[in-house]
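Work through the exercises below with the sequence and the structure open. Each task is followed by a solution in steps.

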Amino acid sequence: MNYFRKNSGTGSNKQASTPLRMKIILGIIFILFATLIGQLAYLQLAYGSRFKSEVQKSDSTVVSSQVPRGVMYDAKGRVLVGNKANNAITYTKGASTSSEQIYKISNALSNYIKITNEKPTEQQEIEYYLADPDVSKRELAKLPASQKSQKLEQAQITQNVENQVRKEHIKLNSKQKTAALIFNKISGAYTLSTIYIKNKDLTNKEIAEVGEHLSELPGVGIGTDWQRSYPNGSSIQSIIGSVSTEKSGLPSDNLQYYLTQGYSRNDRVGTSYLEEEYEPLLKGTKSTSEVTTKGNGDIQQTKTVYKGQAGASLMLTIDAKYQKEVQSTLKRVYNNALSAGAARYSNGAYAIAMNPKTGALLAIAGLSHDPKKNKTTENALGAINQSFVMGSVVKGATVSGGLINKVITPTNNTLPDTAIYLPGSSVKKSVYPIGTFGSLDAETALEVSSNIYMMHLAMNWVKAKYVPKTYINMPNDSFEILRRNFNMFGLGQKTGVDLPGEVAGIQGKSFNSKGQILSGSVLDLAYGNYDAYTPIQLVQYVSTIANGGYRMQPYVVQSVGKTSSDGKKIYINYNKTSNVQQQIPWTQDELNVVRQGFWRVVHGTNGWGTAHPLKNVKPSISGKTGTAQTFYYDPDNPNRKNPPELINATFVGYAPSNNPKLAIAVVFPGLDPDMEGTYTLQVAKEMVQDYFKLHK
């Protein structure tokens, strides 16, 4: 039997063609591999050293660090605010520092230092706890499948893990809490920025131990931090202002501005008053260092390029000793008023002194009082940002305006002293009984503080038509006329003092809801019982009278300079020049009318004189007292019916009377009208005596 069949020719050809295609494919593959191997060999031989250097190369980045802020001195060269150098443990964050690396550094560093003035939050403890990879894996494994599903975003899974740990109420020992704080500080640092891990209460032992182990602590270093100090006390710290901490960094409301000026987010900046106003000068020029990083982002070395320049020094016009005396006097007298019950509803007291010829502020003292808590705190800046109805102290400006506008003259200034009777309202009069005087001249009107005189003067000035008990017709520009005159002396507008936060005062309404002028209020304005002014406006106003008619811009910074390296000398680069904001267009005879009135307020013989207790003060004082009616405002009950009636007691003056070198303003708002006393005069007396004791 034939079990085999012969192959056909066609079958034989197919069998022969298959190996050929395989050979072609294998050949192509061989050629490609050969080409690849050849290319690799070429790159290795030709560029191997270059690639190796790329892997091993380091990058250099220039970073900056804070320098000491400028020092502030008083007028006698005493340090008001300086810098206290503190040793500090620093950390400069690498370009690619991982959470695990931060965890290791934090644990290692916690072996050598303790942070006891801070406590980590629960969230900070949890983040530190989960930074341990083993712990993180273990906690993740505990989660139900639904809470770690791949469908969830990583942030949600992380949150689920944190929530689980929070329920476990983990407990960290003191060392771990320190590590948690360090972990938080480092994690929040910006790449290649230097932060302070510990800059307070660092012991010599801690410095030594960290120094011995720096090689094991990448990025950690030992440096110096600067903090503000007040060697002459804090009585004017509210004027000097404050500086932000490294933790608070740049103020959020001005963040973009500071960033465009080259600040880092954690930089310290002045946040109030002189520290803020003179920030560009006080900040200095940052030191710069070249930070070299390896290819993996780790810091290789840090080299100082420029040591930086400490901030400019400021010399103030304020005498620290005089400032301390004024603040002490104000506090003592105000406490006496509180003890007597006169200041029960008062919200504070203020006293300010100025050189009337230059505008240099010599002392700024202030107190804030919380009537409900009966708590008093220092608040010198209330002198520029608190407004009060000041009363009769402004009558010098009213008389001046009448003279300048020829409503009265130095030789013809007698007006009737008859009370004002407006239809539908109570009589408007002076403190003394009606009929005490038939008429008054300007000097006597100032001496006895006649409200009636000022109202008649104002009516003549604005050309009002008045029939007692029948009607009064005030021109619509009456408020404008009087306020323009007060503005000329600085009342009712910002003085331009070189401190931020100054307010212009408060203007009362000029018209009622029907558009009718408030005629009675025009009369109140004339004798100081309507608009509200600041204490610094008062001292500028009385200085204008004292110096002969020059409204001087008040200022606190006298000069700018540089402190020597040993801190014992200041080199002045710039001195402030006095600025005359306006000259009063009066004649010498017109000025003498006002000055004579102010002299008689203190030294006159009339029984209704208001400042006779100052008569024997040396050198002699000229001035003006004031009393304004007001009410107690309860912020917790703003619509309270029949609130307690109060008065604002004020005094302005200058000394010596014949050649003024000192101008002062004292304000005691919110006193009991039945217990006014002489508190403002007591403060004024000591302000004058203390100043001339220190400046003989």
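This is a predicted model: local features need pLDDT of at least 70, side-chain atom pairs count only at pLDDT 80 or more; totals for chains, interfaces and linings use all residues.

**Exercise 1. Describe the dimensions and make-up of the chain.**

Solution. Begin with the radius of gyration, taken over C-alpha atoms. The chain has 39 Å, whereas a compact globule of 696 residues would have a value near 26 Å; the globule rule is 2.2 Å times the number of residues to the power 0.38.

Continue with the box. Along the principal axes, the C-alpha atoms fill roughly 165 × 65 × 50 Å.

Count the secondary structure: the chain has 21 helices and 24 strands.

Of the 696 residues, 47% are buried. The accessible surface is about 35000 Å², and carbon and sulfur atoms hold 50% of that; the areas come from the Shrake-Rupley method with a 1.4 Å probe, and for residues only the protein chains shown count as cover. Among contacts with a separation of 6 or more, 72% join residues 24 or more positions apart.

**Exercise 2. Characterise the packing of helix 19 and helix 20.**

Solution. Two packed helices are described by the angle between their axes and the distance between the axes. Helix 19 (residues 535-546) meets helix 20 (residues 588-603) at about 115°, and their axes are 10 Å apart. The axes are lines fitted to C-alpha atoms, for helices over the stretch in contact, and angles run from 0 to 180 degrees between N-to-C directions.

Now name the residues. Helix 19 contributes Tyr541, Val542, Ile545 and Ala546, and helix 20 contributes Leu591, Val594, Arg595 and Phe598.

Sort them by class: seven are nonpolar, none is polar and one is charged. Ala, Val, Leu, Ile, Met, Phe, Trp, Tyr, Cys and Pro count as nonpolar, Asp, Glu, Lys and Arg as charged, and the others, Gly among them, as polar.

One of these residues, Val594, is also in contact with Ser400, as are Phe489 and Trp586, leaving aside neighbours of Ser400 within four places in sequence. Ser400 belongs to helix 14 (residues 395-404) and is buried because its relative accessibility is 0%.

**Exercise 3. Which residues of helix 21 are buried, and what covers them?**

Solution. Helix 21 (residues 679-694) has 16 residues and spans 23 Å from first to last C-alpha, close to the 22 Å expected at 1.5 Å a residue. The expected span is 1.5 Å times one less than the number of residues.

The buried residues are Tyr679, Thr680, Leu681, Val683, Ala684, Met687, Val688, Asp690, Tyr691 and Phe692.

Their cover includes helix 12 (320-340), strand 9 (348-354), strand 10 (361-370), strand 22 (622-631), strand 23 (645-655) and strand 24 (662-671).

**Exercise 4. Locate backbone exceptions.**

Solution. Most residues other than glycine have a negative phi, and most peptide bonds are trans.

- The bond from Lys618 to Pro619 is cis, with omega near -5°; Pro619 lies in the loop between helix 20 and strand 22.
- The bond from Ala655 to Pro656 is cis, with omega near -15°; Pro656 lies in the loop between strand 23 and strand 24.
- Tyr273 has a positive phi near 50° and is in helix 10 (residues 273-277).
- Ser449 has a positive phi of about 55° and is in the loop between helix 15 (442-447) and helix 16. Ser449 counts as buried because its relative accessibility is 10%.

Conventions
Residues are numbered from 1 along each chain as its sequence is written. Side-chain values use heavy atoms; hydrogens and water are left out. Helices (H or I, at least four residues) and strands (E, at least two) are DSSP runs, numbered from the N terminus. Contact means heavy atoms within 4.5 Å. Buried means under 20% relative accessible area, exposed over 50%, partly exposed in between (1.4 Å probe, protein chains only).
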